[in-house]
Amino acid sequence: MSPDQIQSLIALLVGFSVAGSLASGYQLVTERPLSFRLLNQGAQLVTVLAVPVLTFAAPFVIMRNVLRGRRIEKRRFEFVMGATVLAGFWSLMSGTVVVQLFAAVSLLFA
């Protein structure tokens, strides 16, 4: 594997890890699973705060919903595959942001 491929794999894994950690932390604090329904609560502080959380936790929420839909609603394989690709790309992008943030913080305190 080339260094670029390894860097992308690390970003993908970091993105999914951060997404899972945010969703699990939200569920630990509120005792209910994280959902995109938080955005439907109107112009409230909770809605504004939910945007950055959902931005980074979306791959986990997408995969959880898709896997539940596959099991319960018997969704087609093509739908599940498309959602998996979408969640993977989203995780890659958010993971890249987190890795770059870690790099910037490490340079700041080095």
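**Entry 1: Val 18**

I started at Val 18 and found this residue in helix α1 (helices are DSSP runs of H or I with at least four residues, strands are runs of E with at least two, and both are numbered from the N terminus). This is a predicted model, in which local features need pLDDT of at least 70 and side-chain atom pairs count only at pLDDT 80 or more, while totals for chains, interfaces and linings use all residues. Residues are numbered from 1 along each chain as its sequence is written, and side-chain values use heavy atoms, with hydrogens and water left out.

Not counting residues up to four places away in sequence, I have Val 18 touching Phe 56 and Val 98 (contact means heavy atoms within 4.5 Å). I also took the C-alpha separation from Val 18 to Arg 32, which is 18 Å for 14 residues along the chain.

**Entry 2: the whole chain**

I count 3 helices and 0 strands in the protein chain, and along the sequence they read α-α-α. The C-alpha trace spans about 50 × 40 × 25 Å along its principal axes. Of the 110 residues, 25% are buried. For contacts with a separation of 6 or more, I note that 60% come from residues 24 or more positions apart.

**Entry 3: α1 against α2**

I looked up the packing of α1 and α2 and found an angle of about 95° with the axes 7 Å apart (axes are lines fitted to C-alpha atoms, for helices over the stretch in contact, and angles run from 0 to 180 degrees between N-to-C directions). That angle makes α1 roughly perpendicular to α2 (under 35 degrees is roughly parallel, over 145 roughly antiparallel, 65 to 115 roughly perpendicular, and the rest oblique).

From α1, I list Gly 15, Phe 16, Val 18, Ala 19, Gly 20, Leu 22 and Ala 23, which meet Val 53, Phe 56, Ala 57, Pro 59, Phe 60 and Met 63 of α2. By class, this contact has 11 nonpolar, 2 polar and no charged residues (Ala, Val, Leu, Ile, Met, Phe, Trp, Tyr, Cys and Pro count as nonpolar, Asp, Glu, Lys and Arg as charged, and the others, Gly among them, as polar).

**Entry 4: α2 against α3**

How do α2 and α3 pack? For α2 (residues 45-72) and α3, I have an angle of about 160° and axes 9 Å apart. The two helices are therefore roughly antiparallel to each other. I noted 16 nonpolar, 4 polar and 1 charged residues in the contact of α2 with α3. On the α2 side the residues include Phe 56, Pro 59, Ile 62 and Arg 70, and on the α3 side they include Ala 87, Trp 90, Ser 91 and Ser 94.

**Entry 5: two serines of α3**

I next checked Ser 91, which lies in helix α3 and is buried, with a relative accessible area of 0%. Which residues does Ser 91 contact, leaving aside neighbours within four places in sequence? I find Ala 11, Leu 12, Gly 15, Phe 16 and Pro 59.

Ser 94 is also placed in α3, which covers residues 77-109. At 6% relative accessibility, Ser 94 counts as buried. Leaving aside neighbours within four places in sequence, I have Ser 94 in contact with Gly 15 and Phe 56.

**Entry 6: nonpolar cores**

I looked up the largest nonpolar core and found 8 residues: Ala 23, Tyr 26, Leu 34, Leu 38, Ala 50, Leu 54, Ala 57 and Val 61 (a core is a set of buried Ala, Val, Leu, Ile, Met, Phe, Trp, Tyr and Cys residues joined through side-chain atoms within 4.5 Å). Helices α1 (3-30) and α2 each supply at least two residues of this core, and the largest share, 4 residues, comes from α2.

For Leu 34, leaving aside neighbours within four places in sequence, I list contacts with Ala 23, Tyr 26, Val 53, Leu 54, Ala 57, Val 61 and Arg 64. A second, separate core has 6 residues, among them Ile 62, Val 66, Val 80 and Ala 87.

**Entry 7: positive phi**

I found Glu 31, a residue other than glycine, with a positive phi near 60°. Glu 31 sits in the loop between α1 and α2 and counts as exposed at 73% relative accessibility.

Lys 74 is not a glycine either, and I read a positive phi of about 55° for this residue. Lys 74 lies in the loop between α2 and α3 and is exposed, with a relative accessible area of 63%.

How values were computed:
Buried means under 20% relative accessible area, exposed over 50%, partly exposed in between (1.4 Å probe, protein chains only).
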